Amino acid sequence: MKKKWKVAMSRSQVGFNLYHLNIPKIVGQLELFSGYVLQTNPDGFQDASFRLQAKASSVNTRNQERDSKLCSPEFLDVGNHPDIVFVSNRIVQIDPTHYIIKGNLSITGISKFASLTAHLGSTANDQNGPTKIVFEITGQLLSTDYGMQWYEETPEGTQTWSHVVSLHMFLELVPEEPFE
């Protein structure tokens, strides 16, 4: 029994944030992405598979100069590595609405193990179509693990950019295929 759920991009968001000067956050998102969850058990998402792919060039922090720098070879290197991809290799159910998604995250051509936390929000039918489910997914990564090796200090010795990047995804999924 399988059911494929696809990410409804128009009602979903793939975002990130990081600290700048250890005070405010730089908040951004990836505007172009696609993904799916392949559910193998009709009673839940344990042992399902998850894939999300985003265009690295679609980074948007609401600052064109910063976005251009993030797309440069120093950071995301979108000319050589146009896609950011996460592919799960295991989903573990913690309780009826919480999961740990383990898999490989590929950025700048480097693939590393990542563990993400997922919360199954609502499951609903509406007057406009099929059942929809919502997952809120969070995690963290180190930019240095993906070859982004910047380091700048202020005259006072404060590091300007944090290497810890927080991920936050709000994904609405709709069925692509019924259970077989």
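Which residues line the largest cavity? To find out, select V37, F45, A48, F50, I91, Y99, I101, A118, F135, I137, L171 and L173, which line the largest cavity.

This is a predicted model, in which local features need pLDDT of at least 70, side-chain atom pairs count only at pLDDT 80 or more, and totals for chains, interfaces and linings use all residues. Residues are numbered from 1 along each chain as its sequence is written, and side-chain values use heavy atoms, with hydrogens and water left out.

**Stop 1: the cavity**

Keep the selection on screen. On a 1 Å grid over the protein atoms alone, a cavity is a set of points where a 1.4 Å probe fits but cannot get out, and lining residues have an atom within 4 Å of a point. A search of the whole structure finds one cavity of 30 Å³ or more. The volume of the largest cavity is about 80 Å³, a volume being the space filled by probe spheres set on the points, which are joined across faces, edges and corners. Two or more lining residues come from each of β8, β10 (129–142) and β11; strands are DSSP runs of E of at least two residues and helices runs of H or I of at least four, numbered from the N terminus. The lining divides into twelve nonpolar residues, no polar and no charged. Here Ala, Val, Leu, Ile, Met, Phe, Trp, Tyr, Cys and Pro count as nonpolar, Asp, Glu, Lys and Arg as charged, and the others, Gly among them, as polar.

**Stop 2: the core**

Next, select F45, F50, F135 and I137, the residues with the most contacts inside the largest nonpolar core, which has 44 residues. Such a core is a set of buried Ala, Val, Leu, Ile, Met, Phe, Trp, Tyr and Cys residues joined through side-chain atoms within 4.5 Å. Buried means under 20% relative accessible area, exposed over 50%, and partly exposed in between (1.4 Å probe, protein chains only). In soluble globular proteins, nonpolar side chains tend to be buried together.

**Stop 3: the rings**

Now select F45 and Y99, both of which are buried. Rings of Phe, Tyr and Trp (its six-membered ring) pair if their centres lie within 6.5 Å; planes under 30 degrees apart count as stacked, over 60 as edge-to-face and the rest as tilted. By this rule there are five aromatic pairs. F45 and Y99 form an edge-to-face pair, 6.3 Å centre to centre with 85° between the planes. Because F45 lies in the loop between β4 (33–39) and β5 and Y99 in strand β8, the pair ties together parts that are 54 residues apart in sequence.

Move to F50, which is buried with a relative accessible area of 3%, and F86, which is buried at 5%.

**Stop 4: the pocket**

Finally, select F16, L76, I84, V165 and L167, which lie nearest the centre of the largest pocket among its 30 lining residues. A pocket is an open set of grid points with protein on both sides within 12 Å along at least five of seven lines. The largest pocket has a volume of about 560 Å³, and its lining comprises 25 nonpolar, two polar and three charged residues.
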